[in-house]
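Hi everyone, thanks for coming. Let me put the model on the screen, and then I'll walk you through a few spots.

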Amino acid sequence: MTGNACVVGSGPNGLTAAIMLAKAGLRTTVYEAQPTVGGGARSAELTLPGFVHDVCSAVHPLAVSSPVFASLPLAEYGLQWIQPPLPLAHPLDDGSASVLAMSLEETCTRLGVDGSMYRRAIGPLVRRWHDLVPMVQQPLLRFPNNPWLLARFGALALWPAASSARLLFQTEAARALYAGIAAHSVLPLEALGSAAFGWLLAIAGHAVGWPIPRGGSQSIANALSSYFESLGGRVVTNHRIGSLDELGDATPVLCDVTPKQFAALAGDRLPPHPRRQMESYRYGPGVFKIDWALSAPIPWKATDCRRAGTVHVGGSLDEIAASERMAAGDKPSERPFMLVAQPSLFDATRAPAGKHTAWAYCHVPNGSSEDMTERMEAQVERFAPGFRACILARHTMAPADLERHNANLVGGDITGGAQDLIQLILRPSRRFYRTSIQGVYLCSSSTPPGGAVHGMCGFHAAREALRQTLPGSRRAL
Ligand SMILES: Cc1cc2nc3c(=O)[nH]c(=O)nc-3n(C[C@H](O)[C@H](O)[C@H](O)COP(=O)(O)OP(=O)(O)OC[C@H]3O[C@@H](n4cnc5c(N)ncnc54)[C@H](O)[C@@H]3O)c2cc1C
């Protein structure tokens, strides 16, 4: 091994970057502020003994699609995927539910009159998912391998999600299903580009499902970290880096942090203009999260919801759009749109026999201190009468708690910065992974392709760092 490299932060992007550096022969150390590795991919007994909850990420269509994860032997290090019978269900007030099934045909049949439009919109992209993924999981300004395929996706993606839903679909059920998926953008559904997330995750649902990892998202982090250590890498936990100066002459240094934190780490080494750029980077809404320990599965009225890994709770397109607009403003909704996951229905390792866990969050204004517990439980009760009676214990995290758990969750923002059109293209600036300090790079979800567990920010950052540090190594990776 030659040279000392460092990675600050052990989120999925930090660990992926560290693996790439170690594979290139660099003696690599990862420093993690928290007692355990994984950043946004950690699990813990948050409520009662024997109940394992995903502290942040729970459902992973983009991890199973990730080209870099597919290239690593993560299954040998314990990572197993579970596909719930349905990726997604979306309950409605009449007691029925819209569903996204893995089968495109089944989904189209269930969508009724809207089925043929849905098939026409995404059918060809579902078939080409594995060609599309590398193009949307790299800086969007990079020339794509297949410009026609990307343009086909772009023609759907650039629009506001709310008007796409109204224009393309006739039924409230189809509109609500699509709006719930698009709300993963954490953007108002009237924002340009908010449609992209709806289509991307719907296509992924048909191509690879929305799976959960056996044992919780910690298994993803553990597999990455164990593989990294097998390559000779070193992980130091409980070690917060306060300044780049603490890292001595390590080169390259990859920072799995967001721009605001990077400005603090770099201190005087950052010249005024790049400092202003880092400091003016915009963060998006935060989230309020609840984990429940339950005595029984959530008693959804719509039976399809009992077969789904993820359930979107929030009713109609109009209600979801209103909730997301408020989250982008300064007051959270009284009837928040929620993402609910119910992993213990499909993974017996998550709870004692016969008992269950559920995971949920809603979007709230960045830094909001409002307690959403009552409103969120009322929303679940609306579609699952008797839910409250199943609660054995709950654990809540407001934006400030999330940021304490992981400094990257600035004001509770879970995507490493607002994912509007400008910040998706220039993320966090036109330098992408490079910073103005030689040998120092950003590798977090504040770089392309952005939020979610996929490791691709770390992969691209490490390639860039290796290209500059060890010319000739890039082709070998
Ligand atoms: C509530 C919630 C739900 C989510 N749900 C999903 C989901 O279902 N599916 C999905 O794909 N994604 C989900 N995400 C998003 C996903 O977790 C993130 O996009 C992903 O973890 C980003 O990875 P990262 O490596 O960029 O940063 P992070 O995972 O945030 O890791 C950064 C790490 O750096 C450490 N660190 C920061 N500063 C320092 C320092 N100065 N010194 C040392 N260490 C430091 C932090 O402690 C942390 O461990 C969710 C996130 C949250 C919060």
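Let's start at Ile422, which lies in helix H17, residues 421-425; helices here are DSSP runs of H or I with at least four residues, strands are E runs of at least two, and both are numbered from the N terminus. A word on the source: this is a predicted model, where local features need pLDDT of at least 70, side-chain atom pairs count only at pLDDT 80 or more, and totals for chains, interfaces and linings use all residues. Residues are numbered from 1 along each chain as its sequence is written, and side-chain values use heavy atoms, leaving out hydrogens and water.

Back to Ile422: its relative accessible area is 58%, so it is exposed (exposed is over 50%, buried under 20%, partly exposed in between, with a 1.4 Å probe and protein chains only).

Now the salt bridges, meaning a side-chain nitrogen of Lys or Arg within 4 Å of a carboxyl oxygen of Asp or Glu. The whole structure has 23 of them.

Next, Glu319 and Arg335 pair at 3.0 Å, N to O. Glu319 sits in helix H14 (317-327) and Arg335 in the loop between H14 and strand E13 (338-341), so the pair ties together parts 16 residues apart in sequence. Arg335 is partly exposed, at 45%.

Finally, Arg388 forms a salt bridge with Glu374, with the closest N and O atoms 3.0 Å apart. Arg388 is partly exposed at 34%, whereas Glu374 is exposed at 53%.
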